[in-house]
Amino acid sequence: MEFGHETVVLRSGRRTRLPIIVAVHSTVLGPAVGGCRMWGYARWEDGLRDALRLSEGMTRKCAAAGLSNGGGKTVVVAPTHRPLTPDERRAALHDVGDIVAEFDGRYVTGPDAGTGVADMGVIGERTEHVFCRPEADGGSGDPSPFTARGVVAALRATCLAMSGSAELAGKRFAVIGAGNVGGQIARQLAAAGAELILSDVDPAKRSLADELGAAFVTPEAAATAEVDVVVPAALGGLLTWDLVPRLRCIAVAGAANNQLAEPEVAELLRERDILWAPDYIANAGGVVNSVAREILGEDPDTAAKRIESIADTLTGLFETAARTGVTTAVAADALARRRLAAGI
Ligand SMILES: NC(=O)c1ccc[n+]([C@@H]2O[C@H](COP(=O)([O-])OP(=O)(O)OC[C@H]3O[C@@H](n4cnc5c(N)ncnc54)[C@H](O)[C@@H]3O)[C@@H](O)[C@H]2O)c1
């Protein structure tokens with residue numbers, strides 16, 4: 001792997017002795033942003049690899065979203081064989097806060113897999129450079145409604161590109177993963193008059209499908225359903241060499257990170273004439289809201305307009321990709337690289 005990061009701190013937490021990695025990939029456009037992942041890894045090297053990869057991804061995400069920020073990521077390497085006790089968890093979050101504080105604002109952390117809004121409040125006891133603390137503490141709270149809003153904007157742009165109309169009513173969507181983000185996407189789609197298929201590995205999510213009048217099917221059935229758009233909102237890696245030939249949708253656009261099992265799968269999607277909305281463009285609403293509210297001090301309406309502009313970014317990418325004969329993935333990476341090179 002080529003080393004292109006500005007700073008990587010690998011430290012044993014002072015209180016917990018757990019390995020903690022803070023990777024700052026780039027501050028070319030401004031302070032680096034990116035969440036704190038607290039996850040069980042068999043080896044700390046795996047956590048380091050994730051931190052390097054995810055922080056670089058945040059640089060691309062911020063640049064493509066037009067933010068004056070770079071990418072960073074924190075990983076707390078938790079044990080795999082048992083959960084942390086509440087005291088250990090609190091101590092680990094304080095360890096994170098102390099390391100983030102050393103960056104003196106060059107890096108701002110936030111929630112990621114394994115951490116949430118309450119955890120950001122705990123990190124906030126050690127540093128002010130943390131997004132998404134509880135609203136009662138002056139933070140912007142849970143980012144998932146804003147991520148969902150951005151994904152729905154992306155779905156409108158996707159519908160526009162595939163059918164000439166951004167209208168969601170009457171179109172068919174298969175949402176895979178009915179968690180924090182997917183559940184809200186499903187609600188918004190149902191409210192807009194879309195036809196809905198819902199899927200989750202957790203059978204308890206069937207009640208949401210019932211509430212919305214949606215069919216509840218297995219993840220495999222949802223992914224291969226004959227719909228207009230498949231909406232990945234669970235884990236990454238959905239779009240594999242095996243699945244893509246079996247897709248029966250016109251487009252794929254959703255919240256999940258790292259949807260392509262391998263980068264080359266984007267080419268297979270293009271060959272099959274399936275429009276793919278690059279994940280880090282479609283799911284940027286959460287980070288856009290955090291930056292707009294907590295760094296730029298914007299009011300909710302102005303921040304919402306920024307989130308809605310994900311649709312324009314995506315429409316531009318779809319046009320560029322079609323005009324120049326490249327995949328949407330290549331077009332998105334080129335957009336991010338251009339903004340980084342221009343330093344704006
Ligand atoms: N929360 C945010 O603001 C945000 C921002 C950007 C990207 N994302 C990405 O969006 C995705 C969803 O995030 P979330 O916050 O809603 O997570 P979540 O944990 O709340 O929800 C994920 C849901 O997916 C289900 N699931 C897991 N594996 C599945 C599978 N194989 N098939 C079907 N369902 C499965 C889970 O049961 C759960 O209900 C993740 O990939 C995340 O990285 C989230």
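Start by selecting H94, which is buried, with a relative accessible area of 14% (buried means under 20%, from a 1.4 Å probe with protein chains only). H94 sits in helix 2, residues 86-102; helices here are DSSP runs of H or I, at least four residues, numbered from the N terminus. Now show what H94 touches: setting aside neighbours within four places in sequence, R15, V122, E125 and R126 are in contact with it, where contact means heavy atoms within 4.5 Å.

A quick note before moving on: this is a predicted model, where local features need pLDDT of at least 70, side-chain atom pairs count only at pLDDT 80 or more, and totals for chains, interfaces and linings use all residues. Residues are numbered from 1 along each chain as its sequence is written, and side-chain values use heavy atoms, leaving out hydrogens and water.

Next, click on the ligand. Its surroundings hold 21 residues, the closest being T147, N180, V181, D200 and A234; a residue belongs here if one of its heavy atoms lies within 4 Å. Colour helix 4 (144-163) and helix 5 (180-191): each supplies at least two residues of this shell.

Now zoom in on ligand oxygen atoms. One is 2.7 Å from an N or O atom in the side chain of T147. At A234, look at the backbone: a polar atom there is 2.7 Å from a ligand oxygen. For A255, the distance from a polar backbone atom to a ligand oxygen is 3.3 Å. Overall, the protein covers 70% of the 840 Å² of accessible area that the ligand has on its own (Shrake-Rupley method, 1.4 Å probe).

Key: A polar contact is a pair of N or O atoms within 3.5 Å; within protein, one must be able to donate a hydrogen and the other to accept it, and residues adjacent in sequence count only if both atoms are side-chain atoms. Buried means under 20% relative accessible area, exposed over 50%, partly exposed in between (1.4 Å probe, protein chains only).
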